[in-house]
Amino acid sequence: MAGYLEKIEELAGQARQQIARAVSLEQLEQWRLNLLGRKGQVTAILHDLGQVSPGERPLVGKQANELKNEIGRLLEERRAALEKEQLERAAARSAIDVTLPGLRPWTGSIHPLNRTLSRVNEVLYSMGFSLAEGPEIEDEFHNFDALNTPADHPARDEHDTFFLEGGLLLRSHTSPVQIRHMQANPPPVRIIAPGRVFRRDTPDATHSPIFHQVEGLYVDENVTFGDLKYTLEQFALRLFGPDTTLRFRPSFFPFTEPSAEVDCSCIFCKRKGCRICKGSGWLEILGCGMVDPSVFEAVGYDPERWTGFAFGMGIDRICLLVHSIDDIRLFLESDTGFLSQF
Ligand code: PHE
């Protein structure tokens, strides 16, 4: 039956083309079902063999089986090729181009204020001071009255305090920690109190309503102004380097007597005079003095027996100077461009 052989021939040509052109595994599977599936065209021929005359049956059967085997092989080959292509496409999509410049990992840095604060604390710890802390929300007694600054005292106005409800306020300096510490501990005392303080200043390059101080308090028997000078001089030498000198100028604070403001030799020009020290050769860094006896009375220390000194320095200002930063507002702006420089 020539009809069968022709049909096989035709089917073979058709199948070879279809398989070769299959563009996806899904399409290939479709062709496989069409040809070799239960109702496939090749399957149908094999099925019909019984109707072929006995004389032709061996040949038709042989051809049909060969076609079936060839198609099976071609399908396998095409499947392997398509799978390989698919893998290669996926690999190309996720490929790493090793010639591209690398991405620098984002590392955090210590805030310059914290850096300065840690350094100041470290020096003072090494000199025998230990840490004391107090609340940022204070009352008038600790922030003013106990520090010899009664309600009618003009120094209160200078502090431009943020007042809260219920007689509370945001502490305008770290000196109230002196009071809290002495109320809770008998002398002798050797503490530093670092922390945030608040004043109603209009922000500009040198003023911020939030800034940072480190308070120092030393109380014992027979403490003199000489002890204060020596302590601060040693502190400055360790913080700013061995050629640092200090200058004490008479000043006034209600809670110290006598009081002084302390300048340190300009860290930039070493007293020759420069833009930073405005030609003076000196930079103001802190206020200090001998603890006023009325402060000892307020906390229940015997002012006849105990003497002491206190000092308070602005960390923001020192940090601005050390790093030549020209705007104090940068400290609170969380600008990563600025912060990542430290
Ligand atoms: N508390 C003072 C201020 O904020 C600084 C100071 C502290 C002065 C301790 C003397 C003694 O200006």
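This is a predicted model: local features need pLDDT of at least 70, side-chain atom pairs count only at pLDDT 80 or more; totals for chains, interfaces and linings use all residues.
1. At 76% relative accessibility, Lys-278 counts as exposed, a label that applies over 50%, whereas buried means under 20% and partly exposed lies in between, judged with a 1.4 Å probe and protein chains only. Lys-278 sits in the loop between β7 and β8, and its phi is positive, at about 50°, although the residue is not a glycine. A second residue of this kind is Ser-334, which is not a glycine either and has a phi near 50°; Ser-334 belongs to the loop between α11 (315-323) and α12 (336-339), and with 58% relative accessibility it counts as exposed.

2. Residues are numbered from 1 along each chain as its sequence is written, and side-chain values use heavy atoms, with hydrogens and water left out.

3. The domain assignment, which comes from an automatic or database source, gives domain 1 (2-93) and domain 2 (112-339). The centres of domain 1 and domain 2, taken over C-alpha atoms, are separated by 93 Å.

4. How many salt bridges does a search of the whole structure find? The search finds 18, where a salt bridge is a side-chain nitrogen of Lys or Arg within 4 Å of a carboxyl oxygen of Asp or Glu. Two of them can be followed along helix α4 (residues 57-93). Glu-66 pairs with Lys-62, with 3.6 Å between the closest N and O atoms, and these two residues are 4 residues apart, about one turn of the helix. Glu-76 pairs with Arg-79 at 3.4 Å, N to O, and here the separation is 3 residues, again about one turn of the helix. Glu-66 is partly exposed at 43% relative accessible area, as are Glu-76 at 46% and Arg-79 at 24%.

5. Helix α4 also holds Glu-70, which is buried because its relative accessible area is 18%. The side chain of Glu-70 makes a polar contact with the side chain of Arg-16 at 2.6 Å; a polar contact is a pair of N or O atoms within 3.5 Å, and within protein one atom must be able to donate a hydrogen and the other to accept it, while residues adjacent in sequence count only if both atoms are side-chain atoms.

6. A further salt bridge joins the side chains of Arg-247 and Asp-263 at 2.8 Å, N to O. This pair links distant parts of the chain, with Arg-247 in strand β6 (residues 246-253) and Asp-263 in strand β7 (residues 256-265), 16 residues apart. Are the two partners buried or exposed? Arg-247 is partly exposed at 33% relative accessibility, whereas Asp-263 is buried, with a relative accessible area of 3%. Through salt bridges that share partners, Arg-247, Arg-249, Glu-261, Asp-263 and Glu-284 are joined into one network.

7. Around the ligand there are 14 residues, the closest being His-173, Ser-175, Arg-199, Gln-213 and Glu-215; a residue is near a molecule or strand if one of its heavy atoms lies within 4 Å of it. A nitrogen atom of the ligand lies 3.0 Å from an N or O atom in the side chain of His-173, a polar side-chain atom of Ser-175 is 3.0 Å from a nitrogen atom of the ligand, and an N or O atom in the side chain of Arg-199 is 3.0 Å from an oxygen atom of the ligand. On its own the ligand has 320 Å² of accessible area, and the protein covers 91% of this; such areas come from the Shrake-Rupley method with a 1.4 Å probe, and for residues only the protein chains shown count as cover. Strands β5 (210-220), β8 (282-291) and β9 (307-314) each give two or more residues to the shell, and the largest share, 3 residues, comes from β9.

8. Two peptide bonds deserve a look. The bond from Pro-187 to Pro-188 is cis, with omega near 0°, and Pro-188 lies in the loop between α8 (176-184) and β4 (189-198). The bond from Glu-257 to Pro-258 is also cis, with omega near 0°, and Pro-258 is found in strand β7.
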